Structures are given as structure tokens and as C-alpha cells.
Amino acid sequence: MSRSTVHPRRAVPSRVPTRAPAVVGSTVALTLALAACGGGFSSEQAADADGDAAGSSAGDTLVIGTINPPASFDPINSTDVGGQWANQFVLDTLLNQPEPLEFTPELATSFETEDNQTFTISLNPDATWSDGEPIVADDVVFTLNLIAHPDSITARGGNISTLDGVDGATGKLPDGETEIPGLVATDEHTVEFRTKEPVDPNYIYEMIGTSINILPAHHLADVAPADFGESEFARLPDVTSGAYTYANYTEDVSVEYAANEDYYLGAPQIPNVAMRIMPAANLAGDLQAGAIHMNSGGGIGNIPVQDIGTVEALENASTSIDPTIGFQTMMFNLETLPDPDVRQAIAHAINRDQIVDQLLRGHGETIDGPYTSQSPYLDPDLEVTSYDPDLARDLLADADAEDKTLRFVVPTGNAIREQSADIILQNLEAVGFTVEQSNFDFPTVQSMAREGEFDLLLMGFTFNVDPDMSALYSSSGAFNYMGYDNPRVDELLAQGKAEPDPAAREDIYHELQAIWQEDMPIMTTYSDYATSVVSNELTEGGAAAFWPGTLADLPQWQLGGAS
């Protein structure tokens, strides 16, 4: 029988109480999310280091359908979800986050603080690299120093920007410096670091604990930081720490993995994984035919809305629909569109409710800014920018805007986003704008975004449960392709990262949302719900309701039989 579940919208509480010990797969972990000074979580017992593949099912290969090819496998500079997710199979982080603001061990058996400023990490002593070398404290120190190095090219600088001694926006060390002050390996399996001032521990657990893949220092020590992005490792990591290793990558076709039989948390139950890169329109048919076992979800493998009815009726699979923390945006080039009234006119001209109702068939929401209904930091009192074409015409007339053709850049690969571009184009032309739309593959769009070769550009994001949006809105943010520069915003973003009290952080991010709505450097077009389809043959595993936690128990996934 098929099973379809639609999960209602849920808001994550701004304070998460201490929870009882929870069993995650074969890993026993004490799950804790801190809202006040002190605390941490620890693991007394990790999975059997020898693994236990006994009872592995007859299915040899898990086949996952996905849409977006990885734009980059560079662990410290991949800016696309496809590349980041691909690396999660092979490169472990210190922590997992199976549910919002719940943290469990991966490489770290404990990650603790007594004062919300000095943090101590204990590593799993059984963890090894795929070449047999032990994973040690020096690997963590090496990784964070590489990100902070003035010469390295990275999109992870913002993740470490609260650390003592680095720039508060970029996470970079001053020129000539190569080591983060206070970041030390106190013994083979213990790391200590210090933030500039006390911070919300959940920020550190998420931004450093769950978002940074630890790298093998012994394998990369001879690679100059400036050359890391061109290294063989950055092209496709060859010494890895995760449940799987890369077996083969065929560009725009597939990513193939082989199980790491020596994985420190237990050998994976499924010997091989293959991610097939395909048009979104093929996902439902391949699920029905049994050619794939699941879709990847997470914005890189969503089921097209028009196919939801089809997958819900499948007898060989189950379907669930969940809200997400991801959102789609339209970026404004502030160099070519400097007048906020023109940007407001564009915002009021776009019928976002039509996108949600017509294209998403109600499986989504309209919001302003980067926080969806899953976020405890979404300001419920901030009125969403209305669809008001008359107001848009008035704003445009009052702005005395230059008569110009807007360059509208749209990435291919996401059918709903491409269709939303058609609605946006019609809406803008209806109020008097002249628009020239161009569609390109996602890597090309990323390059155009970096070079400012657009007036309007569509791009989707999935950040973190933590509300810090420095990467998008800071004047030096890695994803600030808009060229947005508001000193008050930079000041508040810095305050938000440094504030340890969740209630005070909420006030800061509410103020930021009001500023962002007024300045309108970027507008959220919609947040679509995720449809996850899992074959009945995959008896354990599949995309989780909280998608960032999908791979938290990857070694325990099981196939019941060969397709």
C-alpha cells in the first residue's frame, strides 16, 4: 500500500530544553540544545568501530534521483547545495543535527563549554581516514586554520567569524597570520578554541559543528592555501572520513559511492550508493519504475508539483510533504538598481501568492526575508510585502526611473523556479518594466552572479536554523551578489552572532527583518515544501522531514532487496 503524509507547518521553539539521552542508529548520544550559559553534550558510547554489516540486505546499490549536478566538490568553497550534499556522504563533520537545534555526535564525542566562550571538542578515538591514518585534533586545527588563512578561497569564512583573532565578517586572519589564536590541539583527540566574546552555543554547534567538513592534515599539509581550490582533493576528495568514499563521478550524469567498511560508526548496511542526475520531470516515472529508490530533496531533487499526485498514488513507495528552511529569491543588482523605490516597485509588482497557489498548488508559503515558518526567528508581526501593481506603478513613476531593459537571469534545472520566472516576467511587464530574460545552467548563473552580470537574478538558498545571515546580507558576505552595503545591518549582524541570549537575539533579527524589507536588496519569492518519496525497498532511510538531518544515520539505511 502507498502512504502519503503531509506534515503541518511547525515552528521551532526559541528555547529548546535539555532532552533525555536519545539513540540515533547505533550511536548513543546525549542531545542538548543550550539557551543559557554553560553545558554541552557528550557521548559515552559510539558505534562499534568494527562495524557490523551482518544482515545486510540483498540490495547492493541505493539509487538516488537528483536534479542539480554538483557545481564544486571543494569542501571549503562549495557554494551549491548539490556539491555540499555530495560531500556529506564522504567527509564527516564534528556533529550532526537530525532535528532543528538538536545535536548528536559524529567525529566529536563531546563538544562542551562552561562559559559560552571557550569550547572543548573531544574526538572519537576510533575514527580513521580512508587511508588508515587516525583522525586527530590536528585535523580540526588544520581545517579551521585553512579556512581562516588570508590566501585561501572559501565560502566557509562566515562560519568561523566569531572566533578570536579573525575578522568578524569574513572569518579571515590578518595578512601575514596563519594560525587562529587560541585554537589548539591540547592532546591527540582534544581541540580547544575561543570566541571573541560569549555566544549562543547553538550557533557554534551548527555553524562549526555541523557545517564544516574536517580535512586530512597529513594528506594536505603540502598544499598551499592559495592553491587548495585547484588541488586534486578539492576536485574530488580522495582521502575521506565518511560512511562512503567516492567511487566515480561522471559530470552531469552520476556520482557513485562505495561503502567504507572500516567506518568508525559501523560499516554501512548498503554497499553502494549512486546519485543519478536527471531532469526533474523524470523523477516520478523512475520512482514508479523502480529505477531509483528515492529523490534527494533539499531543493536539489524535489518532485515537481504536477507529479505529487502521481507519487502519492504509488504502491511501491511512500510520500511525505514537509515545510523547509529553504527559500527562493530574486536578487537585485544594487549597482544597476540603486533606488530602493524601484526595487520596492518590482516587489509589489510580483504576484507571489499566484506562484504558491498555481505553481506549488498550495505546497509552499510566501514570506519576506530569509526565515520560513520553521524558524523561531521569523517576525510574525512584520506584514508581508503585498502584491499591489497600482502601488508598483506609482513607485515607478515617482522614482523617475531610467528607461532601461532589465537583465533577468534564471537558472535552469528547477522547473517551478523556471515557471515562476514566467509569472514574474509577465507581472513586471504589466506595470511598465522592460525585461529581457535569459536562462542558463546553474554553474553559469553562479559565475554571472559573482561578476554582477544581471539586474535581476533568481537563486535558491538553504542556510541554517541559526538566524545568522551574514553570508547573504553582510557587506562582505560570500553570497551577497547584490552588492548590499548597509552599516547598520553589518552592526546588527555582528551583534546577533555575538549575543548569547536567544531572546535578545530574537530582537536583533526582528530589527534586521524590518530593515531588509525596507531596503529590499533581495526578495524572497517563495518557500516551497519538500516532497520526499521513498521506495518500499528502502526499509530504513530516505530524506528526512528536517532535510539537513537526512544523512545523520546513513550507515543504518537498509535496502530490502534488489530492484
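In the predicted model, strands S18 and S22 (residues 522–528) pair in the antiparallel sense over 2 bridges. Within this pairing, Glu365 stands opposite Ser527 of S22. Helix H9 (residues 352–359) packs on the sheet here, touching both S18 and S22, and the direction of H9 makes about 20° with that of S22.

The sheet to which these strands belong is open and consists of 6 strands in the order S18-S22-S17-S21-S19-S20, with mixed pairing. Its edges are formed by strand S18 (364–365) and strand S20 (434–440), each of which pairs on one side only.

Strand S17 (residues 327–332) stands between S22 and S21 in the strand order. S17 and S22 run antiparallel and are joined by 4 bridges; Met331 of S17 has Ile522 as its bridge partner in S22. S17 and S21 likewise run antiparallel, joined by 6 bridges, and Phe332 stands opposite Leu456 of S21.

The burial of S17 was examined next. In a regular strand, side chains alternate between the two faces of the sheet. In S17, Phe327, Thr329 and Met331 point one way, whereas Gln328, Met330 and Phe332 point the other way. Residues of both sets are buried. Because 6 of the 6 residues of S17 are buried, this strand is largely enclosed by the rest of the structure.

Nonpolar packing was then considered. In soluble globular proteins, nonpolar side chains tend to be buried together. The largest nonpolar core in the model comprises 75 residues, of which Phe89, Leu94 and Tyr257 touch the most other members. Helix H2 (residues 137–148) gives the most to this core, contributing 8 residues. When residues up to four places away in sequence are not counted, the contacts of Leu94 include Pro105, Glu106, Leu107, Ala108 and Phe111. Leu94 also touches Ile121, Leu123 and Val140, together with Ile208, Gly209 and Ile214.

Conventions:
Residues are numbered from 1 along each chain as its sequence is written. This is a predicted model: local features need pLDDT of at least 70, side-chain atom pairs count only at pLDDT 80 or more; totals for chains, interfaces and linings use all residues. Side-chain values use heavy atoms; hydrogens and water are left out. Two strands pair if DSSP finds at least two bridges between them. Contact means heavy atoms within 4.5 Å. Axes are lines fitted to C-alpha atoms, for helices over the stretch in contact, and angles run from 0 to 180 degrees between N-to-C directions. Buried means under 20% relative accessible area, exposed over 50%, partly exposed in between (1.4 Å probe, protein chains only). A nonpolar core is a set of buried Ala, Val, Leu, Ile, Met, Phe, Trp, Tyr and Cys residues joined through side-chain atoms within 4.5 Å.
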